[in-house]
Amino acid sequence: MKKISVVDSHTGGEPTRLVIAGGPDLGGGSVADRLKVFRTRHDKFRSAIVNEPRGSDVLVGALLVEPSDKSCAAGVIFFNNVGCLAMCGHGTIGLVVTLAHLGKIKTGEHKIETPVGVVTATLHANGEVSVANVPSYRQAKAVAVEVAGIGKISGDVAWGGNWFFLVSDHGRELSLANVESLTDLTWRIRQAVNAQGFPEVDHVELFGPPQTGGDSRNFVLCPGKAYDRSPCGTGTSAKLACLAADGKLGENEPWIQESILGSQFTGKFHWLNRERGEILPIVTGTAHVNAESTLLLAENDPFCWGIRA
Ligand code: PYC
């Protein structure tokens, strides 16, 4: 019987399950090197932590690892119901709040090593966390794709730590009552975008008018077909890159991004390279710890390693 210690939190409604003990030995090297080992040799472990019957499609997992960069407070590998994520904004906010809950960090700046680079998280005295994410940029503007059963949809392709297709003109109301049709639409969009020149895009983000006092509301479909309950940290970073490239938001101006639940992140950016359209996004939000538990992995349990498609 294997015992895995986890701490659960949610960031604006989106859950993160942080594995703090009992994870696999991934050897040495950078967190990016260890992600490769995790992906190729420990996919069963990923599934055991986040999939049913212990988890659900919505859960994002985070494996706490020793950073190879000794200036970092922690290293982390994020994963979900179908695989690993390059980076995760809500998960980083959850990680920082969880490390503070465990007494491992105090208020102030903390570097975190992720597979796609070092990010800097600031834990503020009021409990909020700001994540200075990886450099973000728009790769392509107004890409038109032919979506099965829908017709032409146009959107931007941008990197914010994950790859996004961002769509404003979709004709749908972004409300919880519409989640099924929004999921169907974004899944079809993703398939069209992947087939029509952007195989790397794994998240689709719809935008609409704000409803809880922000600047905009979003609906984000994640790679495993679950939607993000939070405003999506990497999705907000991709949005900031597009706003910056279009001259619609100035350096250091706040952009309040609402999720489909109405929870909010505040985004700001600094230019890293104006000519290349590269920005440093800073995303601020809050998380709450809601469980400390021990997962039991027994080989005689037919669903020990999770229910996988
Ligand atoms: O907050 O970056 C994020 C994220 C990615 C997938 C789910 N949440």
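1. The ligand is surrounded by E14, C88, G89, H90, H203, C222, D228, C232, G233 and T234, each having a heavy atom within 4 Å of the ligand. This is a predicted model, in which local features need pLDDT of at least 70 and side-chain atom pairs count only at pLDDT 80 or more, while totals for chains, interfaces and linings use all residues. Residues are numbered from 1 along each chain as its sequence is written, and side-chain values use heavy atoms, with hydrogens and water left out.

2. The side chain of D228 has an N or O atom 2.8 Å from a nitrogen atom of the ligand. G233 uses a backbone N or O atom, 2.7 Å from an oxygen atom of the ligand. For T234, an N or O atom of the side chain is 2.7 Å from a ligand oxygen atom. Of the 240 Å² of accessible area that the ligand has on its own, the protein covers 99% (Shrake-Rupley method with a 1.4 Å probe; for residues, only the protein chains shown count as cover).

3. Helix α4 covers residues 179-195, which makes 17 residues (helices are DSSP runs of H or I with at least four residues, strands are runs of E with at least two, and both are numbered from the N terminus). From first C-alpha to last, α4 reaches 24 Å, close to the 24 Å expected at 1.5 Å a residue; the expected span is 1.5 Å times one less than the number of residues. Just after α4, G197 takes a positive phi of about 110 degrees.

4. Which residues of α4 are buried? They are V179, L182, T183, L185, T186, I189, R190, A192 and V193 (buried means under 20% relative accessible area, exposed over 50%, partly exposed in between, with a 1.4 Å probe and protein chains only). An α-helix has 3.6 residues a turn, so residues three or four places apart point the same way. The buried residues of α4 pack against β9 (137-147), β10 (151-159), β11 (163-167), β12 (203-208) and β13, where contact means heavy atoms within 4.5 Å.

5. The count of salt bridges comes to eleven (a side-chain nitrogen of Lys or Arg within 4 Å of a carboxyl oxygen of Asp or Glu). R17 and D8 form one of them, with the closest N and O atoms 2.9 Å apart, and both residues are buried.

6. R138 also forms a salt bridge with D246, again with 2.9 Å between the closest N and O atoms. This pair links distant parts of the chain: R138 is in strand β9, D246 is in the loop between α5 and β14, and they are 108 residues apart. R138 is buried at 16% relative accessible area, whereas D246 is partly exposed at 30%. A network of salt bridges links R138, K141, D156 and D246.

7. Some backbone details deserve a look. E52 and P53 are joined by a cis peptide bond, with omega about 10 degrees; P53 is in the loop between α2 (43-50) and β3 (60-65). K225, not a glycine, has a positive phi near 75 degrees and lies in the loop between β13 (216-221) and α5 (233-245). K225 is partly exposed, at 42% relative accessible area.

Notes
A polar contact is a pair of N or O atoms within 3.5 Å; within protein, one must be able to donate a hydrogen and the other to accept it, and residues adjacent in sequence count only if both atoms are side-chain atoms.
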